Amino acid sequence: MIKTRFAPSPTGYLHIGGLRTALYNYLYAKQNGGVFALRIEDTDQKREVAGAVESLILTLQKMGLDWDEGPMMDKDLNLTEKGQNGPYLQSKRLKIYQEYAQKLIDSKNAYFCDCTPERLDKLRQEQEAQKLAPRYDGHCRDKAPISKLQFPDKPYVIRLRVPENREVVFNDLIRGEVKFKTSEIDDQVLIKSDGFPTYHLANVVDDHLMAVTHVIRGEEWLSSTPKHILLYEAFGWTLPQFSHLPLLLNPDKSKLSKRQGDVAVEDYLAKGYLPEALINYVALLGWHPSDDQEIFSLNELVKSFDLCKVQKAGAVFDVNKLNWFNCYYIKQLPEDELLKRCAEFLPNVDKDKLLKILKVEKDRLNNLSEIGEKVKMFLELPDYDGKILIFKKSTKETTVTGLKLALAVLENVPENEWQKENLNQILSKVVTENSLTNGDVFWPVRVAVSGAEKSPSPEEIMDVLGKEESLARIKTAIDRLNK
RNA sequence: GGCCCUAUCGUCUAGCGGCUAGGACGCAUGGUUCUCAUCCAUGUAACACCGGUUCGAUUCCGGUUAGGGCUACCA
């Protein structure tokens with residue numbers, strides 16, 4: 001049984017790179033009929049953020065990446081658990097890590113260390129001064145072994161005893177064979193002085209206990225992998241299959257960071273990016289099918305995704321292409337569904353009117369939040385400069401004439417025939433019958449009813465506004481020109 | 001500095017010894033058009049460099065260069 005997991009540390013938001021890691025884990029598990037688990041790696045008390053776990057869960061749920069086991073949240077936002085291998089919050093598994101750390105002590109694969117932070121700082125400075133790699137010097141390595149975890153008053157940590165003169169070799173599903181010499185590997189701290197495990201211990205113990213078969217994570221973990229392998233060996237456990245994903249990059253090719261734009265999935269959601277657009281875009285950051293397909297639903301990704309074909313090099317996060325996907329998915333959405341999705345960005349007015357507006361503005365939306373601005377024009381005529389009523393080389397006189405001619409015919413249109421197709425024909429007729437140009441009629445009428453230099457066509461706007469409001473706006477425009 | 005990873009259009013990528021090096025985003029031009037957006041068409045632009053291996057390298061190997069990651073009692 002194949003099992004993958006997404007194991008974020010709760011920093012307060014879901015990073016866009018984390019979303020891709022979660023997605024690839026999800027896809028790999030699902031396409032193999034396996035299990036996708038969520039585990040929270042909250043072993044650093046100093047970086048604890050209130051509500052971070054809840055927001056992580058919420059965002060992952062919004063993105064549609066359902067996990068088969070892991071922490072869950074009920075309607076009242078209380079944390080619960082799902083699955084047989086919990087708890088899934090590492091902070092609730094402290095005893096387990098201590099127990100396994102003791103096993104390593106017993107087998108001499110780990111040792112107690114009571115070096116003070118001061119000594120370690122000094123050591124590091126000396127090493128750096130001599131241009132040596134900063135690392136633990138093994139000061140406590142061969143001290144008399146202490147059999148129990150009860151320790152004197154002094155704070156202590158537990159360190160991994162890295163074997164000498166060995167080579168750790170593993171086969172990464174994405175990168176192929178990767179080798180490290182143990183002489184390059186530091187005696188990593190496994191249990192911190194506060195009793196919490198470090199990532200390395202907790203991660204290995206949990207992946208084993210939770211029967212994870214495939215570890216799919218970011219490239220930043222590649223150089224810690226030999227430490228993890230040494231731990232698996234010390235415990236006598238079978239190795240999982242490792243896959244290290246390329247990093248997501250800023251436009252300047254540095255690791256994707258907050259300074260150069262939004263990195264939180266929540267930020268994109270708040271701006272009105274659709275989950276399906278985000279998923280589709282992020283899936284293609286590092287992976288591509290052999291054919292030219294670009295549009296993928298989550299289910300299609302499950303079918304097509306191929307972990308072995310994931311790119312090795314980092315991928316720049318390009319908002320442009322995300323926008324394109326988002327526009328695409330917005331256009332695909334039926335109006336009533338679109339209305340639900342952008343409810344938070346809309347004023348509380350007549351639903352039918354909103355539906356009509358959405359139909360008109362749908363093609364013009366880069367993201368859902370923009371609808372808030374677009375909808376204003378339909379609810380109230382914006383204050384505008386009368387000059388924009390005059391199209392290109394037209395004059396004030398021809399513009400007034402055009403508006404009056406249009407007004408005269410529009411006044412005679414029955415309410416039940418006030419639809420955009422009719423309105424378009426009527427305006428076209430005004431143009432031809434008076435030997436005018438489209439610009440002489442359509443432009444001023446459009447500006448009159450929209451108040452904007454750029455907008456949808458006049459008939460579309462008038463259709464939404466209704467006869468009364470449309471005529472009133474045209475009259476206002478005529479008044480303004482006559483002043 | 002050390003260790004490790006990486007290298008095809010500006011960006012995401014296809015390619016897995018022989019191709020006019022393909023697609024998408026972006027950009028440009030044209031068409032449709034009263035403006036904007038959409039849509040359609042066309043164009044733009046890449047194998048980092050130097051050596052090998054080979055009849056033949058974008059593709060395999062080595063090096064150079066350049067980028068990136070790690071180098072914590074953070075993950």
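Predicted model: local features only at pLDDT ≥ 70, side-chain atom pairs only at ≥ 80, totals over all residues.
Biologist: Which element gives the most to the surface near RNA strand B?

Modeller: That element is α16, which gives 5 residues, while α4 (117–129), β8, β13 (315–316) and α10 (319–332) are among the elements that each supply at least two.

Biologist: Why are β7 and β8 called a pair of strands?

Modeller: Two strands pair if DSSP finds at least two bridges between them, and strand β7 (residues 167–172) and strand β8 (residues 176–181) have 6 bridges in the antiparallel sense, so they meet the condition and count as paired. Within this pair, Val168 stands opposite Phe180 in β8, and a hairpin of 3 residues joins β7 to β8.

Biologist: What makes a residue of helix α5 buried, and which residues of this helix are buried?

Modeller: A residue is buried if 20 or more other C-beta atoms lie within 10 Å of its own, and in helix α5 (residues 199–209) the buried residues are Leu201, Ala202, Asn203, Val204, Val205, Asp206 and Asp207. These buried residues pack against α3 (94–106), β9 (189–191), β10 (214–218) and α6 (225–235). After α5 comes Ala211, which has a positive phi, near 60 degrees.

How values were computed. Residues numbered from 1 in each chain as written. Chains lettered and ligands numbered in written order. Helix = DSSP H or I, 4+ residues; strand = E, 2+ residues; numbered from the N terminus. Buried ≥ 20, exposed ≤ 12 C-beta atoms within 10 Å, placed from the backbone. Contact = placed C-beta atoms within 7 Å.
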